[in-house]
Amino acid sequence: MALIRTDLTMRSNRRSKGDFRVHRGYGLLAALGALVFAGCDPASFLDVTDPGAMSAEDAESAANAQTLMNGVIGDYECALGAFIVSMGALSEEFGDRGFSGDTWFIDRRDILPSDVYGEVDCTGRPSLYLPISRARWGADNIAMLLGSEDWANVANKPTMSAQAALYSGFSYAMLGMSMCSAAIDGGSEMSWTELLTSAERKFTEAIQLASAAGASNLENAARVGRARARLGLGNGSGAVEDAQAVPEGFRFQTISTSSGNARAYNRVYEMNRQGQQYGIQEESWNLLTGGVEDPRTRSFDSGNIATGGLAIWWQEKYTSRSDPLPVARWEEAQLIIAEVQGGQMAVDIINRLRAPYPELPQFAGGSESEIFNEVMRERRRELWLEGFAAWDDWRNDLPLNPPVGTPYQITVKGGEYKDSRCFPLPDIERFNNPNIG
């Protein structure tokens, strides 16, 4: 079972390493997740065999290349959904409406390394580190296989190589946008800037491979991804160069389904409108742009009430399990240009993004700080529930809302809002990775 926080409505109980070793108790999923990070052998934990099971050698044979690639893409898409939900809770796009105390910490911005985000899979909650790390490992593993002699004659190899680099880049980027630090394949602790640097390197590789393969959709997705990473690293000119190369209308997205495979569901819809574990947070109700309700962030009161009398508001951006999630798109690229260049360029981009919504007023511009603040608001509206708001707050050191010290859900949960802006390296990594002290 997962380690459950004991603070709930009390003061946080921050465990030492020794105390954690005594009290933790992990199920099979967490144990296997730890093996990925620490590089251990699962056979040492499970002394059972299945005569009908596929061996590792068969699973990684060239004949199964496309199946493995489909699995990599599926792992990434499931991880993306988990990332958006967790980052939405951290940024007050989402508010926790469950009654399980081990999920409140994100919404309350009171994140401890002993919390369960490090070990929960992408279909559960709160989920972040494990599914992203799995997706990243899978992409890098298939890239290694594609470079091996045994896979020399794999069909569609150039495109698959570009895909592997692309999904690795997006996975590294998610780690860099959400984690204060992380570790890769049982290695040493990496800062968020090192993670974004790795993402930039992977996107550069993806651009080169996609260009050689003639896969323009993958190349454009990688350009958006590299612009995103470069923006976070403070390389404004490089970010703009990439963003300007993305054609208008470009959109790269997941392939969600309602076919019964929970890993392929739209996770935002599933956690909000289906399972109702999260509602739209009060700070995100009826968001206005220029005094007008913004159609890009519409939500409504479902009429359902969570434990403690909290209203459950539903978002309207995703309305079914099969709605795709955006991975990279032209609008994000435009907002990167607006943020870096500012001035009249930013004003023009904001108004261009609002043009499809005639009810929204045009932005008249203003001082440098006023334009920057409007770009940040525009990112909140245009990229709503896509995983960016908490990252924007963190990298720009924007004011937290509600402020630190505000009572948290006093009708049922208690405590107060703290100041977490990123997720610390989880204890499950720290205590199972010999390269981290």
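**Disulfides, a hairpin and inner spaces**

Student: How many disulfides does a search of the whole structure find?
Tutor: Good place to begin! A disulfide here is a pair of cysteine sulfur atoms within 2.5 Å. Searching the whole structure on that basis, the number found is 2.

Student: Before we go on, what kind of model is this, and what is the mean pLDDT of the protein chain?
Tutor: It is a predicted model, in which local features need pLDDT of at least 70 and side-chain atom pairs count only at pLDDT 80 or more, while totals for chains, interfaces and linings use all residues. Residues are numbered from 1 along each chain as its sequence is written, and side-chain values use heavy atoms, with hydrogens and water left out. pLDDT is the predictor's confidence in each residue, from 0 to 100. In the protein chain 87% of residues reach 70 or more, and the mean is 88.

Student: Why is the disulfide of C78 and C122 given its handedness?
Tutor: Look at the torsion about the S-S bond. For C78 and C122 it is about 90 degrees, so the disulfide is right-handed.

Student: In the pair C180 and C422, which cysteine counts as buried?
Tutor: Buried means under 20% relative accessible area, exposed over 50%, and partly exposed in between (1.4 Å probe, protein chains only). C180 has 27% and is partly exposed. At 12%, the buried cysteine is C422.

Student: Which residue in the turn between β8 and β9 has a positive phi?
Tutor: Strands pair if DSSP finds at least two bridges between them. β8 (residues 299-305) and β9 (residues 311-315) pair in the antiparallel sense over 4 bridges, with S299 opposite Q315. They form a hairpin with 5 residues between them, and the residue with a phi of about 95 degrees is G308.

Student: Which element gives the largest share of the lining of the largest cavity?
Tutor: On a 1 Å grid over the protein atoms alone, a cavity is a set of points where a 1.4 Å probe fits but cannot get out, and lining residues have an atom within 4 Å of a point. The lining includes Y76, L80 and F83, and α4, α7 and β10 (326-329) each supply at least two residues. With 3 residues, the largest share comes from α4.

Student: Which residues are closest to the centre of the second largest pocket?
Tutor: A pocket is an open set of grid points with protein on both sides within 12 Å along at least five of seven lines. In this one, α14 (368-382) and α15 are the elements that give two or more residues to the lining. Of the 25 lining residues, the closest to the centre are R380, D393, L398, P399 and N401.
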